[in-house]
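Biologist: Could we go through the side-chain contacts in this model together? I would like to begin with the charged residues and then move on to the rings.

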Amino acid sequence: EANTPPKSPGLLSVLSLPIIALATNEPELMPAPADKKEGGRTLVTLFSVLFALGLFIALPQAVAFGVSSLFKWNLDVRSPGFQALTGAAKMVIIVGYMLAIRRIPEIYRVFQYHGAEHKSIHAYESAQGLSVDNARSKTTLHPRCGTTFIVMVALVSIFVFSALGPFLPRFGFSTGVDNILFFFLKLPFLPLIAAVTFELQRVLARFATKGPLSLLLWPGFLVQKITTIEPEDSQLEVALGALAVTLAYEQGHARESSAERRYPNYAELLSRAAPAS
């Protein structure tokens with residue numbers, strides 16, 4: 001029987017790549033510089049950013065406007081009530097979007113590797129050996145995950161725009177036009193919201209993993225249950241090997257001996273992950 005050629009990724013998979021990268025990695029404030037030779041990839045990233053702005057910024061505001069009009073609430077676009085409604089719509093869209101792309105086989109496998117990454121990091125942070133047995137018992141949830149960052153951005157935006165709303169100009173146009181103008185007024189504040197969320201997540205990850213404050217991390221953990229899936233042992237081996245290579249790169253050869261003493265199978269993992277010469 002002839003081998004079936006692999007399927008090309010669909011449009012949704014391609015447009016999802018930057019969003020998946022953010023959801024499955026620790027968020028960074030400064031993105032890596034783009035390779036000038038990769039013009040096609042840059043174009044895909046640009047379309048993906050526009051796709052994300054439409055899906056996670058414009059659509060929730062449009063839903064909030066529609067719900068407000070449907071129930072005759074007539075909420076002002078700058079009011080805290082409208083922002084709370086927008087935030088609720090944004091959360092529903094984020095969760096629905098993650099559930100939808102999780103059904104794509106390629107993305108499902110990415111989410112398995114995402115779970116393997118978190119288990120490996122937990123094994124490292126608990127100062128245990130980088131072995132499959134040690135990593136397997138760890139949770140797939142992590143407070144510094146990009147998924148938690150996305151969820152926290154949605155929640156922080158409610159408070160930021162509720163506070164800024166009364167100070168934004170009123171143009172005196174129709175309600176629909178005001179909504180469109182308010183969308184463009186919000187865009188310059190997105191970096192501010194990302195920066196505030198970035199620092200807040202770092203503080204919570206450091207000081208609020210236990211006790212009552214840990215409740216602040218649970219909205220992100222609940223969505224992480226969608227973006228992380230229990231991995232196979234072979235996927236754990238890949239994640240552990242990648243971590244071993246990263247440790248070697250960051251610590252340098254002078255410190256490899258201490259890493260080997262701390263992690264008995266360090267050299268084995270490093271040899272598995274290193275490319276063949």
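Biologist: Which residue forms a salt bridge with aspartate 233?

Modeller: Aspartate 233 pairs with arginine 136, and their closest N and O atoms are 3.0 Å apart. A salt bridge here is a side-chain nitrogen of Lys or Arg within 4 Å of a carboxyl oxygen of Asp or Glu. Please note that this is a predicted model, in which local features need pLDDT of at least 70 and side-chain atom pairs count only at pLDDT 80 or more, while totals for chains, interfaces and linings use all residues. Residues are numbered from 1 along each chain as its sequence is written, and side-chain values use heavy atoms, with hydrogens and water left out.

Biologist: Where do aspartate 233 and arginine 136 lie in the chain?

Modeller: Aspartate 233 is in helix 10 (residues 233-251) and arginine 136 is in helix 5, so the pair links distant parts of the chain, 97 residues apart. Helices are DSSP runs of H or I with at least four residues, strands are runs of E with at least two, and both are numbered from the N terminus.

Biologist: Is aspartate 233 buried, partly exposed or exposed?

Modeller: Aspartate 233 counts as partly exposed, at 35% relative accessibility. Buried means under 20% relative accessible area, exposed means over 50%, and partly exposed is in between, with a 1.4 Å probe and protein chains only. Arginine 136 is also partly exposed, at 37%.

Biologist: Which residues are joined into one network with Arg136?

Modeller: Salt bridges that share partners join Asp133, Arg136 and Asp233. The side chains of arginine 136 and aspartate 133 meet at 3.1 Å, N to O. Because they are three residues apart in helix 5 (residues 132-136), about one helical turn separates them. Aspartate 133 is exposed, with a relative accessible area of 55%.

Biologist: How many salt bridges are there in the whole structure?

Modeller: The search finds five. One of them joins aspartate 76 and arginine 78, with the closest N and O atoms 3.9 Å apart. Aspartate 76 is partly exposed at 30%, whereas arginine 78 is buried at 4%.

Biologist: Turning to the rings, how many aromatic pairs are counted?

Modeller: The count comes to six. Rings of Phe, Tyr and Trp (its six-membered ring) pair if their centres lie within 6.5 Å; planes under 30 degrees apart count as stacked, over 60 as edge-to-face and the rest as tilted. Phenylalanine 56 and tyrosine 97 are edge-to-face, because their centres are 5.5 Å apart and their planes are at 90°. This pair also links distant parts of the chain, with phenylalanine 56 in helix 2 (residues 39-70) and tyrosine 97 in helix 3 (residues 80-102), 41 residues apart.

Biologist: Are phenylalanine 56 and tyrosine 97 buried or exposed?

Modeller: Both are buried. Together with Phe51, they form one aromatic cluster.

Biologist: Why is the pair of phenylalanine 71 and tryptophan 73 called stacked?

Modeller: Their ring centres are 5.1 Å apart and their planes are at 20°, so the pair is stacked. Tryptophan 73 is partly exposed, at 45%.

Biologist: Where is lysine 72, and what is its phi?

Modeller: Lysine 72 is in the loop between helix 2 and helix 3. Its phi is near 60°, a positive value in a residue other than glycine. Most residues other than glycine have a negative phi. Asparagine 74 lies in the loop between helix 2 and helix 3 as well, with a positive phi of about 50°.
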